[in-house]
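Here is a short report on a two-chain model. Keep the structure open while you read.

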Amino acid sequence: MKVNNHTLVRTLCETVVVLIIGLLAGFSNNALSSRSIPLMGQWDKAYGVPSPGGMHDPTRGNIEIGLGEALRLFNEGAVFLDSRPDESYAERHIRGARSVPEKQLAARMEEVLTMLEGDKKAVVYCQGMECDEAHLLARALREACLNKTFVFAGGMKEWEAAGYPVEGAGGTPEPVEQPAAPSES
Amino acid sequence: MKHGGIRLLDQSMVLILRLFLGGLFIFASLHKLGDPVSFSRIIYGYKILPPWAINILAIVLPGVELIAGVLLILGFLSRGAALTTTLSLGVFICALGYNLARGLEFDCGCFSFAHSPKGAAVDLLIRDLILLALSLRVLLAKRYACSLDWLFGLERGGKCFARE
């Protein structure tokens, strides 16, 4: 096809029209969506899981804790819940953590309630700050009135990098600094 | 007659490509339209855009994909829709290539929000390069057969398949 000026100008004009209609469709869809997001997200947090913000943000309402606080709760005997898939848990997890994949919570709710009997604190984690499974699990637990639930935002990645105790089929590396063992797990 | 046959074949091929690309873009937009939260996280995972642009793209891109797909199938503003799909694919290819070059693992988010297996980026790049070639073929077509464009007089030819 020979591209003459007329065709080029018309193509560009048509493209602008397509983009404007697409833009309107996108904004209308977001306004009506049950998973809508605001125009600005929280993607540049100093610490914590970056998120789109708004009503449907997975992090909304959850309490995020850092490595120091996670270690303190670990030593206090809080129940650590690993929200990653079973295979990741089997490979390596925080020592004493229980596996509760986020997608299996409904089926394992009774088991979780037993774990947290006596108003125990729960620390939920996933791989790191790129995942939202821990937040989704924490939200579900809060909805089940388990309000002493915290999200360890740095997750497995930060815990392992600090050399804190882990276990699993993938091997247990020597910790850089061995904190006191939890009183119960 | 011989040239007429080739033209008919060419127009038929462009028609099939239009329907294929249109359907593909509509399909690719649906899961993104249904879940802007997850799509924004996928865009964040590419680690290319500044924080202020992530949500805006997550809102706008699925709408543009849907409209470009629908217009390609209808054959209305066909060249504009084809240029839109071509530019979109060009941007996807640049993003994939950039992350591949710097060794970043990320989820494509193209047709679902499932985690992409390791090493999938090369396959995705090849797939998108093929789609880019098809989209360019539609963009550079002489005319669009059986399209609303010719019905509304935006394209030459007075029939569904023009022999001239």
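## Terms and ground rules

A nonpolar core is a set of buried Ala, Val, Leu, Ile, Met, Phe, Trp, Tyr and Cys residues joined through C-beta atoms within 7 Å. A residue is buried if 20 or more other C-beta atoms lie within 10 Å of its own, exposed if 12 or fewer, and partly exposed in between, with C-beta atoms placed from the backbone.

This is a predicted model, where local features need pLDDT of at least 70, side-chain atom pairs count only at pLDDT 80 or more, and totals for chains, interfaces and linings use all residues. Residues are numbered from 1 along each chain as its sequence is written, while chains are lettered from A and ligands numbered from 1 in the order in which they are written.

The largest nonpolar core has 37 residues. Seven names touch the most other members: B:Ala58, B:Ile67, B:Ala68, B:Leu71, B:Leu72, B:Ala81 and B:Val138. Helices α1 (5–32) of chain A and α1 (2–34), α2, α3, α4 and α5 (120–139) of chain B each give this core at least two residues. Helices here are DSSP runs (H or I, at least four residues) and strands are runs of E (at least two), numbered from the N terminus. The largest share, 12 residues, comes from α3(B).

Take B:Ala81. Not counting residues up to four places away in sequence, B:Ala81 touches A:Val18, B:Ala68, B:Leu71 and B:Leu72. Touching, or contact, means that the C-beta atoms, placed from the backbone, lie within 7 Å. A second, separate core has 31 residues, including A:Ala70, A:Ala78, A:Val100 and A:Ala122. In soluble globular proteins, nonpolar side chains tend to be buried together.

Chain B has six helices and zero strands. Its C-alpha trace spans about 55 × 25 × 25 Å along the principal axes. Of its 164 residues, 40% count as buried.

The contact takes 33 residues from chain B and 32 residues from chain A. On the chain B side, α2 (36–45), α3 (51–74) and α4 (78–101) each supply at least two residues. The largest share of that side, 16 residues, comes from α3(B). By class, that side of chain B has 23 nonpolar, six polar and four charged residues. Here Ala, Val, Leu, Ile, Met, Phe, Trp, Tyr, Cys and Pro count as nonpolar, Asp, Glu, Lys and Arg as charged, and the others, Gly among them, as polar.

## The sheet of chain A

Now turn to chain A. Its open sheet of five strands has the order β1-β6-β5-β2-β4, with parallel pairing. Two strands pair if DSSP finds at least two bridges between them. Strands β1 (63–65) and β4 (98–99) of chain A stand at the edges with a single partner strand each, so one side of each has no neighbour in the sheet. Strand β2 (residues 79–82) of chain A pairs with β4(A) over two bridges. A:Leu81 stands opposite A:Arg98 in β4(A).

## One loop residue

A:Leu146 sits in the loop between α5 and β6 of chain A. Is A:Leu146 buried or partly exposed? A:Leu146 counts as partly exposed because it has 19 C-beta neighbours inside 10 Å. Leaving aside neighbours within four places in sequence, A:Leu146 is in contact with A:Leu116, A:Ala122 and A:Leu141. A:Leu113 is 33 residues from A:Leu146 along the chain, and their C-alpha atoms are separated by 8.5 Å.

Conventions: Contact = placed C-beta atoms within 7 Å.
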